Amino acid sequence: MGCVEETGERDAIPLRLRRAGRVIVLDPQDRVLLFRYDDGPPNGRHWSTPGGGLDQGEDFRAGARRELAEETGWTDVPLGPEVHERTLVMEYDDEIVRQHERFFLARVEVAGRELGEVAAMHVSDGIAASRWWTLAELDATDEDVWPPGFTDLIRGLLAG
């Protein structure tokens, strides 16, 4: 089933708002780092960028930076501009929430950079796998990749 992108008709649903910062990480070969989650319905198995919910008082950029460090072990990757924003309805912590996400662009200098010591964190956060994807691989996959239209978003970023 996957997540449900927010539409005007769904705005009236009284769901808890969860704010999240996410990072689109590209390597020198323009591959993107994604994490796989093997969730049950409604989210289902899907690939997504590093990121997650904001802590109390945290802004989107600070939350995205913190989440990137927690999920990759990298503390030396500067965040670039905010490049995308979306709201979706999804399950989080056994509750259906309305999640508002802002995405920031980041680049690493090493192709296919290895993750740091984050295995325990991945288990606790439900991250089942990580992978660097080419745009051609994303175009060809039958896997569910969040957000919808992600490959076109990356192409637009690379073009301009």
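**Contacts, cores and backbone features of the predicted model**

Beyond its neighbours within four places in sequence, H46 is in contact (heavy atoms within 4.5 Å) with F35, R36, Y37, D39, D144 and W146. The model is predicted: local features need pLDDT of at least 70, side-chain atom pairs count only at pLDDT 80 or more, and totals for chains, interfaces and linings use all residues. Residues are numbered from 1 along each chain as its sequence is written, and side-chain values use heavy atoms, with hydrogens and water left out.

H46 is found in strand β4, residues 45-48. Strands (E, at least two residues) and helices (H or I, at least four) are DSSP runs, numbered from the N terminus. H46 is buried, with a relative accessible area of 3%. Buried means under 20% relative accessible area, exposed over 50%, and partly exposed in between, with a 1.4 Å probe and protein chains only. The side chain of H46 also reaches the backbone oxygen of G44 at 2.8 Å. A polar contact is a pair of N or O atoms within 3.5 Å; within protein, one must be able to donate a hydrogen and the other to accept it, and residues adjacent in sequence count only if both atoms are side-chain atoms.

The protein has four helices and eight strands. Along the sequence they follow the pattern β-β-β-β-β-α-β-β-α-β-α-α. The radius of gyration is 15 Å, which agrees with the value near 15 Å for a compact globule of 160 residues. It is taken over C-alpha atoms, and the globule rule is 2.2 Å times the number of residues to the power 0.38. The C-alpha trace spans about 45 × 35 × 30 Å along its principal axes. Buried residues make up 47% of the 160 residues. Of the contacts with a separation of 6 or more, 71% come from residues 24 or more positions apart.

The largest nonpolar core holds 17 residues, of which V23, V25, L68, W74 and L79 touch the most other members. Two or more residues of this core come from each of β2 (16-26), β3 (32-38), α1, β7 (95-107) and β8 (127-133). Such a core is a set of buried Ala, Val, Leu, Ile, Met, Phe, Trp, Tyr and Cys residues joined through side-chain atoms within 4.5 Å. Leaving aside neighbours within four places in sequence, V23 is in contact with T49, P50, A64, L68, L79, F104 and A106. A second, separate core of 15 residues includes V32, L105, V145 and F150.

Helix α1 covers residues 60-72. Its 13 residues reach 18 Å from first C-alpha to last, close to the 18 Å expected at 1.5 Å a residue. The expected span is 1.5 Å times one less than the number of residues. F60, G63, A64, R66, E67, L68, E71 and T72 are buried in α1. D59 caps the N-terminal end, with a side-chain oxygen 3.3 Å from the backbone nitrogen of R61. G73 follows α1 and has a positive phi, near 85°.

Most residues other than glycine have a negative phi, and most peptide bonds are trans. D93 has a positive phi, near 55°. D94 has a positive phi of about 60°. D93 is exposed, with a relative accessible area of 64%. D94 is exposed, at 72%. A cis peptide bond joins P41 and P42, with omega about 10°. P42 is in the loop between β3 and β4. Another cis bond joins W146 and P147, with omega about 0°. P147 is in the loop between α3 (135-140) and α4 (150-159).
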